[in-house]
Amino acid sequence: MDPLAPLLELAEVADALEQSRAAVDRTLWHRALRNNGATVATEVSLQSAVASAALDGSEFDLDEVRSGTVTDPIVQGALRVATELPGLVDTWQQAPRQVLARLHLLAARDLADPDALGRPVVDADGSVRLATLCVLITSKTTLPAALVAAVVHGELLALRPFPTAAGVVARAAARLTLAARGLDPRLLIAIDVGHEVRSPEYVGASSAFTTGTPDGLRSWLKHYGQAMAYGAEVTTGICNDV
């Protein structure tokens, strides 16, 4: 049995993830994506970066960031990560450690000592958990992509393998998981906006995930589904405006 399969048995989790998958599917069929997919992708990338930076404590107005006047290092790191994500999808399921190092280098370039960029800092237990997570990322499974992405996201937040920009890296890794496993192959769903809009819940549920209890895991997985559904709504709104 897939080790993650029992998570779908937790109350309300399967329904939350299925509803979010349906919301994503509806959005990805939007007619605007046929001719304006690149424009939508650019806007989703921008909004996702701004939301991810806000979750790491650097909250700025979207239009300020769009204008190019914001030089905050966390925002700039999140923007670099968002820009490079599409080119990392294929490598993610083959060499996740390499991609994590690249994500950290992009996110923390102006925050960390150059010698620390891309170098995980974990104890023995953390090293085992990180290795296990990498096996999960590279393994095939029939379980929902959102479930795998939620676990990747939660584990990286719990492990914090990088002392700086850990949240930006975790959220990017989760988006790569959704893309690589076919749920959001073009990175068009603004899930990080969903996390940021529900930021108190995001913080609480991610902390609950670290407990490993059924209630803690359920809290995080339900949040993840709800954030993804909200992100799909955001993308639909962008599609309606182009």
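Trainee: Where does Leu 187 lie?
Mentor: Leu 187 lies in the loop between α9 and α10 (191–197). Helices here are DSSP runs of H or I with at least four residues, numbered from the N terminus. Before we go on, this is a predicted model, where local features need pLDDT of at least 70 and side-chain atom pairs count only at pLDDT 80 or more, while totals for chains, interfaces and linings use all residues. Residues are numbered from 1 along each chain as its sequence is written, and side-chain values use heavy atoms, with hydrogens and water left out.

Trainee: What is the phi of Leu 187?
Mentor: Near 55°, which is a positive value in a residue other than glycine. Most residues other than glycine have a negative phi.

Trainee: And is Leu 187 buried or exposed?
Mentor: Leu 187 is buried, since its relative accessible area is 5%. Buried means under 20% relative accessible area, exposed means over 50%, and partly exposed is in between, using a 1.4 Å probe and protein chains only.

Trainee: Which loop holds Ala 165, and what is its phi?
Mentor: Ala 165 sits in the loop between α8 (145–159) and α9. The phi of Ala 165 is near 60°, also a positive value in a residue other than glycine. With 12% relative accessibility, Ala 165 counts as buried.

Trainee: Moving into α9 itself, where is Arg 171, and is it buried or exposed?
Mentor: Arg 171 is in helix α9, residues 166–180. Arg 171 counts as buried, because its relative accessibility is 1%.

Trainee: What does Arg 171 touch?
Mentor: Not counting residues up to four places away in sequence, Arg 171 touches Ser 52, Leu 55, Asp 56, His 153, Asp 192 and Tyr 202. A contact means heavy atoms within 4.5 Å.

Trainee: What about Ser 45, which helix is that in?
Mentor: Ser 45 belongs to helix α2, residues 32–55. Ser 45 is buried at a relative accessible area of 17%. Leaving aside neighbours within four places in sequence, Ser 45 is in contact with Ala 82 and Thr 83.

Trainee: Let's switch to packing. How do α6 and α7 pack?
Mentor: Helix α6 (residues 96–107) and helix α7 (residues 124–138) pack at an angle of about 110°, and their axes are 9 Å apart. The axes are lines fitted to C-alpha atoms over the stretch in contact, with angles from 0 to 180 degrees between N-to-C directions. So α6 and α7 are roughly perpendicular to each other. Angles under 35 degrees count as roughly parallel, over 145 as roughly antiparallel, 65 to 115 as roughly perpendicular and the rest as oblique.

Trainee: Which residues meet there?
Mentor: From α6, Pro 96, Arg 97 and Leu 100 meet Ser 127, Leu 130, Ala 131, Cys 134, Ile 137 and Thr 138 in α7. The residues of this contact divide into 6 nonpolar, 2 polar and 1 charged. Ala, Val, Leu, Ile, Met, Phe, Trp, Tyr, Cys and Pro count as nonpolar, Asp, Glu, Lys and Arg as charged, and the others, Gly among them, as polar.

Trainee: Which residues touch the most other members of the largest nonpolar core?
Mentor: Leu 100, Leu 103, Val 152 and Trp 220, in a core of 74 residues. α8 gives the most to this core, with 11 residues. A nonpolar core is a set of buried Ala, Val, Leu, Ile, Met, Phe, Trp, Tyr and Cys residues joined through side-chain atoms within 4.5 Å.

Trainee: What does Val 152 touch?
Mentor: Apart from residues up to four places away in sequence, Val 152 touches Trp 92, Leu 133, Leu 136, Ile 137, Ala 173, Ala 174 and Thr 177. A second, separate core of 11 residues includes Leu 33, Val 40, Ala 190 and Val 193.

Trainee: Last topic: how many salt bridges does the structure hold?
Mentor: The structure holds 11, a salt bridge being a side-chain nitrogen of Lys or Arg within 4 Å of a carboxyl oxygen of Asp or Glu. One of them joins Glu 12 and Lys 222, with the closest N and O atoms 3.3 Å apart. That pair links distant parts of the chain, with Glu 12 in the segment before α1 (13–28) and Lys 222 in helix α12 (residues 214–241), 210 residues apart.

Trainee: Are those two buried or exposed?
Mentor: Glu 12 is exposed, at a relative accessible area of 51%, whereas Lys 222 counts as partly exposed at 22%.

Terms used
Helix = DSSP H or I, 4+ residues; strand = E, 2+ residues; numbered from the N terminus.
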